[in-house]
Amino acid sequence: MRALVWTAVGRMEIKDVPKPIPQPGWVVMRVKYTGVCGSDIGGFLGKNELRRPPLIMGHEFTGIVEEAGPGVPKEYIGRLFTVNPIIGCGHCRYCRSGLKNLCVMRKIIGIDYPGAYAEYVAVPVDNLYPVSDPVKGALAEPLATSLRAVRLSGVSLGDSVLVIGAGPVGSLAIKLLNIGGIKDITAIDINANRLEWARRWGASKTLSTTGEEALKTIRELYPEGFDAVIDAVGSTDTRRLAINTVRRGGRVVFVGLHDNETSIPGNLIVRGEIEIKGSFSYTDEDFRRAVNIIESGLLDPREGWVDIRPLEKGQETFTELAGTETKYVKIMLTPGE
Ligand SMILES: [Zn+2]
Ligand SMILES: [Zn+2]
């Protein structure tokens, strides 16, 4: 089968690789659409310690089940599904309490197993979620990531929220906040196209500055600070900005993973009793809710924020997304429509 393989830092190549064979409890799907994730871009650039080449990445996808492994009912064959790509061990304290995103033994399709930038992908049947639209369904995974960050921010009606970074995770967080009735949303990004989508999706204010300049503007607009701040970037600059702009007793959610180590104003956290919460991927419950929101028709990719390209455009797509100019919130690759 054809697959887009990440062969070295900065290099994506179309290769002919063996088609997967379904193991017991697994299925093989014919891939429809696979979203390109910021974490894949981090891998491509050699900045993600979990990913090692050669690797078929791709963990945001839909496909049609074509083969069922031993123990899987044949009824699955021919149906369209999206996939939760996280596979927990099933036995540890985290898996047992519904937090398989924290499982130490967890494996991820597209990182530990071959992913969906290919004609076919193998996945456990337990990770399938039926969907009605192959493009919308491929948005369930990034939406679930944003949904967890929004849930952990603890916001409620009437709160003010700052979202730093209007890439897929930040933009979808804005959309979810808006759906949830939060109207006082400020978005920061250096990409003007993405700020435009942030505005359309519910950001009442947008800022295209960073660092000290952004801090100065925010202090004028929100002298007390925001009730909650979601940092969907994760650099030293943005983590500091988040802590410096949240109100005393407010909550900061770190969901971006740009820099491994960053320095943060510790005494401000102590004196302001600021809560800081990490948010990593999603639980099964977050994923279920994300699928439910998509099936409710609350996201419309036909608005023009999703671009669909053939797998063969992998190299140029990854290069485009590694820059700051892209016009799209999400780009998807397909092995053939
Ligand atoms: Zn992702
Ligand atoms: Zn586990």
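Modeller: Helices are DSSP runs of H or I of at least four residues and strands are runs of E of at least two, numbered from the N terminus. This is a predicted model, in which local features need pLDDT of at least 70, side-chain atom pairs count only at pLDDT 80 or more, and totals for chains, interfaces and linings use all residues. Residues are numbered from 1 along each chain as its sequence is written, chains are lettered from A and ligands numbered from 1 in the order in which they are written, and side-chain values use heavy atoms, with hydrogens and water left out.

Biologist: OK. How much helix and strand is in residues 168–295?

Modeller: That span is 47% helix and 21% strand, and its end C-alpha atoms lie 19 Å apart. In UniProt, an unreviewed entry gives residues 168–295 as "domain: Alcohol dehydrogenase-like C-terminal". UniProt positions follow the numbering used here, feature names are shortened, and annotations may be inferred rather than shown by experiment.

Biologist: And which residues does UniProt list for the "Alcohol dehydrogenase-like N-terminal" domain?

Modeller: Residues 23–133, again from an unreviewed entry. Residues 23–133 are 10% helix and 32% strand, and the end C-alpha atoms of this span are 27 Å apart.

Biologist: Sheets next. What is the order of the open sheet of 6 strands?

Modeller: The order is E12-E11-E10-E13-E14-E15, with parallel pairing. Two strands count as paired if DSSP finds at least two bridges between them. At the edges sit E12 (205–207) and E15 (275–278), each pairing on one side only. From one strand to the next, the twist averages 15°.

Biologist: How many bridges join E13 to E14?

Modeller: There are 5, between E13 (residues 226–231) and E14 (residues 246–254), and the two strands run parallel. In that pair, Ile 230 has Val 253 of E14 opposite.

Biologist: Which helix lies across E13, E14 and E15?

Modeller: H4, residues 140–153, running at about 160° to E14. Angles run from 0 to 180 degrees between N-to-C directions, and axes are lines fitted to C-alpha atoms, for helices over the stretch in contact.

Biologist: H4 also meets H5, I think. What do their axes do?

Modeller: They come within 8 Å and cross at roughly 60°, with H5 covering residues 168–179. On the H4 side the contact (heavy atoms within 4.5 Å) includes Pro 142, Leu 143 and Val 150, and on the H5 side it includes Val 169, Leu 172 and Leu 176.

Biologist: How many nonpolar, polar and charged residues does the contact of H4 with H5 have?

Modeller: It has 10 nonpolar, 2 polar and no charged residues. Nonpolar means Ala, Val, Leu, Ile, Met, Phe, Trp, Tyr, Cys and Pro, charged means Asp, Glu, Lys and Arg, and the others, Gly among them, are polar.

Biologist: What about H4 and H10, at what angle do they pack?

Modeller: About 115°, with the axes of H4 and H10 (residues 284–295) 8 Å apart. Among the residues that meet are Glu 141, Arg 148 and Arg 151 in H4 and Glu 285, Asp 286 and Arg 289 in H10. The contact of H4 with H10 has 9 nonpolar, no polar and 6 charged residues.

Biologist: One more pair: how far apart are the axes of H7 and H8?

Modeller: The axes are 10 Å apart, and H7 (residues 211–221) and H8 (residues 236–245) pack at about 20°. Gly 211, Ala 214, Leu 215, Ile 218 and Arg 219 of H7 meet Asp 237, Leu 241, Asn 244 and Thr 245 of H8. That contact divides into 4 nonpolar, 3 polar and 2 charged residues.

Biologist: Back to the start of the chain. How do E1 and E2 pair?

Modeller: E1 (residues 2–8) and E2 (residues 11–16) are antiparallel, over 6 bridges. Ala 8 is opposite Arg 11 of E2. The hairpin has 2 residues between the strands, and Gly 10 there has a positive phi near 80°.

Biologist: Where is Glu 273 found?

Modeller: In the loop between H9 (266–271) and E15.
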